[in-house]
Amino acid sequence: MLDAQPGIAAEQAPQRVAAVPLTPGQGVFAGKVAIVTGSESGIGRETARALCQQGAAVVLNGRCPERLAHTLRELESAGFAVTSYVADVTDYAACEALVETAVLTFGRLDILVTNASISQRAYFADMQPEVFKQVLDSNVYGTVYPLKAALPALIRTKGSVTFISSISALNGMPSGSAYCAGKAAVSNLAHTLRLELADTGVHFGVVHIGFTQNDPDKRVLDAAGQPVPIAHRPPRWQKSQAEVAAIILGHIRRRRQRTVISALGLLIVLVHTYLPRLGDWIVLTTTRRLRHFYE
Ligand SMILES: NC(=O)c1ccc[n+]([C@@H]2O[C@H](COP(=O)([O-])OP(=O)(O)OC[C@H]3O[C@@H](n4cnc5c(N)ncnc54)[C@H](OP(=O)(O)O)[C@@H]3O)[C@@H](O)[C@H]2O)c1
């Protein structure tokens, strides 16, 4: 049965129960309620933890009931106000139920972080069309559907929306076609929504994340749609998930339009804006010399 109580992973339609009163906590997000999609693992989990540490009540989300329940127990045992809802965010009805869980359980919704995403490790020419669609859908509709479902509740609170994008939205990246296209799409979407919905007072922002440490069991899709480990990234280039979560919280608190994480991310913005041919030359050269970096 779906829980509308903090602490139990939810799997069916939300039920109407009394909202859990939020005890005024410490922290800059005290009294706020957040949904973080794809928060059973990785950066989403650490963003949820950081929001909790700053006083927010958080609805966790993911597709895997066991992993979601594990993360829920971990945060709950730390004394945080959390609940969870198992939902594939490319399913609009499931997103409506996710938002309903937040409102029924905690009484409101202030913050949406669309973090859920599938990545890839496959060249376009080799990719099955349905794999391209799966990656693109998870990044585009996995952002659009939770937001569409949450928008009325967010307008009521003049809330905040953060799309988690990537530095690979700022340029093309060999072996990342659908992922880069999806991350670029949500970046553009944030701009349009900021303009269209300016009168609502809702914040729309994008965080372009750079190389970050991954959970050991993180998988991305290969050309045939099989889950494979992510390509090797030198550890010295990676930020920790907790560092990235802290930057995401700063972005939400300041209601920033765009945050680009890491010096590499900022360098990519500069080079591709002012010296695009140099940018392409660097990528092509590294593609030839550092194939393992992309494959
Ligand atoms: N790690 C990096 O270096 C890096 C760099 C740039 C940007 N980012 C971005 O940061 C975000 C988090 O990445 P991460 O490294 O923490 O990856 P991760 O550990 O794989 O986390 C992504 C989570 O999203 C979930 N998810 C995927 N599709 C979903 C769907 N349709 N519905 C619900 N949940 C879904 C995944 O669950 P499943 O296991 O069920 O797929 C997973 O729990 C992503 O948006 C990613 O693109 C990461």
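This is a predicted model: local features need pLDDT of at least 70, side-chain atom pairs count only at pLDDT 80 or more; totals for chains, interfaces and linings use all residues.
Local features need pLDDT of at least 70 and side-chain atom pairs count only at pLDDT 80 or more, while totals for chains, interfaces and linings use all residues. Residues are numbered from 1 along each chain as its sequence is written.

The chain holds nine helices and ten strands; helices (H or I, at least four residues) and strands (E, at least two) are DSSP runs, numbered from the N terminus. Of its 295 residues, 44% count as buried, where buried means that 20 or more other C-beta atoms, placed from the backbone, lie within 10 Å of the residue's own.

Strand β3 covers residues 57-62, and six of the six are buried, so the strand is largely enclosed by the rest of the structure. In a regular strand the side chains alternate between the two faces of the sheet. In β3 both faces are covered: Ala57, Val59 and Asn61 are buried on one side, and Val58, Leu60 and Gly62 on the other.

Strands count as paired if DSSP finds at least two bridges between them. Strand β2 (residues 33-36) runs parallel to β3 and is joined to it by four bridges, with Val36 opposite Leu60. Between β2 and β3 the chain passes through helix α1 (residues 42-53) in a right-handed β-α-β crossover; right-handed means that, with the strands pointing away from the viewer, the path from the first strand over the helix to the second runs clockwise.

Strand β4 (residues 82-86) also pairs with β3 in the parallel sense, over five bridges, and Tyr85 of β4 stands opposite Asn61.

Conventions: A residue is buried if 20 or more other C-beta atoms lie within 10 Å of its own, exposed if 12 or fewer, and partly exposed in between; C-beta atoms are placed from the backbone.
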